[in-house]
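Please read them beside the sequence and the structure.

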Amino acid sequence: MNQLFRRKNYSKDDHSSGLARVLGVWDIVFFGIAAIIGAGSFSSLGEAVFRGGPGVIILYIICGFACGFTALCYAEFASRIPTAGSAYTYAYASFGELMAWIIGWALIMEYSFGNIYVAFSWSDYFTSFMGRIGIFIPEFLSTSYPEAKKAFLGNSQNMELVNAWKNAPLLGNLKIILDIPALVINGLITWLVYRGVRESKNFNNALVLMKLAVIVLIILVGFAFVNTDNWTPINPVTQVSSFMPNGFAGVMAAVSGVFFAYIGFDALSVLSEETKDPQRNLPRGMLISLVLCTVIYIILTLVLTGMVDYRKFEGVGDPLAFIFEESNANIAWMELTVSFVAIIAITTVLLVFQMGQPRIWYAMSRDGLMPKKFMTIHPKHKTPSYATIVTGIVVGVPILFTDKSFILDFTSIGTIFAFVLVCGGVLLLPAKEKLPGRFHLPYINAKIIFPVIFLGGLAFFYFWQPEFFHNLMNWNDPKDGEFHLSMFFFLLINMVLVVLAFVKNLSLIPLMGLSSCLYLLTGMTHNNWFWFLVWFAIGMVIYFAYGYRHSKLNKNFNEDLN
């Protein structure tokens, strides 16, 4: 059993050291905005708005808090080993091999499957841009088969998806519907990564400024077209106007779309070795960037839901351009500008994620957990060629038979689960010596504070939404039953955490991170959990069939026995 939790020891000689400490608070803030305001802000906002309505801004605040606590836990993770690395590296050093494998397997979901969603979004912006310059791509060649079918059968208000199903040519009884732009951009990005592309810091910085400038422009122009009645739409069932037309359960159903907008913030944890006074500057920079991005998302959501009825965002992967289409605000130059910037911005996100995934496989292969083939380096281009091709296939093939909603849920549940493991794991880490120049997670005794926060919040929520608690045990409700069941287990787990916090004097920050991330998981449906568990089971089979036996630590252990 102990073999499953064997740890890898890292030394300063494993990677180059001596990084210059040049980053201040506002440098961290800039890096944070660059990491967070990415594909999610240009793509998943539409899905989030459709599911949760205007009230989804509440979920942005919750996600901001969860990500803030988790970012500090990642920083503590990073400070535990003397080299820079990924969550996989930190887990291997701190928790052992099995946990490292689980987090590495979850990272594959974040990078590879996240890129599928980003490719779909790139296709939507590209199609919108080409349409505005007079080049029209047929709907059945710019969307996925299941998405068009679901829209047609569900009487969707997204007529592009409905028309894709109606107008698609037939091959026998099969409708020919596929997302050509998404397939092409994935192939192109895979080829670029295979050939070897270096990131340009200056280009990335310019891109961040360009993205922020466009978002500010959208807010300024969009507010002139806001109809405040759209912020309190009428619930089709109750016929009552509400900021949360689908109820609080509807807001929580948007968790995947909201959380996807924050994916990437965990990359900030690796900056501790380059930060001046990391104990002070790193947490401040992280939290300021998260607050600023949360405010931006809230304002952006208010503009989107004020300009267009939230129900029109079903299946929309280019929400920031969609609001300026002919059927909405009809501002051609804004749609063109937003689409152009989004195409460039999302292309770089695709490139970074597609570069990151092969390197995770490479690291796992180097440790013996994946076949040696993943370590293959191209003799000319000096890139992990085999892993890059596999990544391209893993991203490309599902584009043919999945849709944005499924991929968004699948990516988010895996990443949130990894965050739960990180926050929970930090609670179990032993105290470490405070070393100058290294980040140290502040210890705040949760003995009294956490029970007060949780039980006080529970009381507030009870008086705010008493009907929810009255129906909490109604798990057969066709609309909210799954959310009620998830909330029951969330409350039960947190009651256990309250007792543990009081008895064990647990640290408040990782405890709050764990609790808030668990809350985000309550928005996942049984379908999300089913496919996540299938993916998790596949990972476990691969680990015990190959990784456990071929691990370099296992070989070292056997050599020591001999």
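**Notes on helix packing and confidence**

1. Ala87, Tyr88, Ala91 and Tyr92 of α5 are in contact with Glu97, Met99, Ala100, Ile103, Gly104 and Leu107 of α6, where contact means heavy atoms within 4.5 Å. By class, this contact of α5 with α6 comprises eight nonpolar residues, one polar and one charged; Ala, Val, Leu, Ile, Met, Phe, Trp, Tyr, Cys and Pro count as nonpolar, Asp, Glu, Lys and Arg as charged, and the others, Gly among them, as polar. Helix α5 spans residues 87-94, and its axis lies 7 Å from that of α6 at an angle of about 170°. The two helices are therefore roughly antiparallel to each other (over 145 degrees, on a scale from 0 to 180 between N-to-C directions).

2. The model is a predicted one, in which local features need pLDDT of at least 70 and side-chain atom pairs count only at pLDDT 80 or more, while totals for chains, interfaces and linings use all residues. Residues are numbered from 1 along each chain as its sequence is written, and side-chain values use heavy atoms, with hydrogens and water left out.

3. The mean pLDDT of the chain (the predictor's confidence in each residue, from 0 to 100) is 84, and 89% of the residues score at least 70. Confidence is highest in α21, at 93, and lowest in helix α23 (residues 552-561), at a mean of 62. Over residues 15-19 the pLDDT stays under 50, and the model has five contacts beyond four places in sequence for this stretch.

4. Helix α6 also packs against α17, the axes coming within 8 Å and crossing at roughly 150°, which makes α6 roughly antiparallel to α17. The crossing is left-handed, that is, the near helix is turned anticlockwise from the far one by less than a right angle. Among the residues that meet are Phe113, Tyr117 and Phe120 in α6 and Phe410, Phe417 and Leu421 in α17. The contact of α6 with α17 has 17 nonpolar, four polar and three charged residues.

5. Helix α17 (residues 404-428) packs in turn with α21 (residues 508-521), with axes 8 Å apart and an angle of about 155°. This crossing of α17 and α21 is likewise left-handed. The contact includes Phe419 and Cys423 of α17 and Leu514 and Cys517 of α21, and its residues divide into 14 nonpolar, two polar and no charged.

6. Which aromatic pair deserves a look? The structure holds 43 aromatic pairs (rings of Phe, Tyr and Trp, the last by its six-membered ring, with centres within 6.5 Å). The rings of Trp105 and Trp535 have centres 4.5 Å apart and planes at 15°, so this pair is stacked (planes under 30 degrees apart). Trp105 lies in helix α6 (residues 97-132) and Trp535 in helix α22 (residues 526-550), so that the pair links parts of the chain 430 residues apart.

How values were computed:
Helices (H or I, at least four residues) and strands (E, at least two) are DSSP runs, numbered from the N terminus. Rings of Phe, Tyr and Trp (its six-membered ring) pair if their centres lie within 6.5 Å; planes under 30 degrees apart count as stacked, over 60 as edge-to-face and the rest as tilted. Angles under 35 degrees count as roughly parallel, over 145 as roughly antiparallel, 65 to 115 as roughly perpendicular and the rest as oblique.
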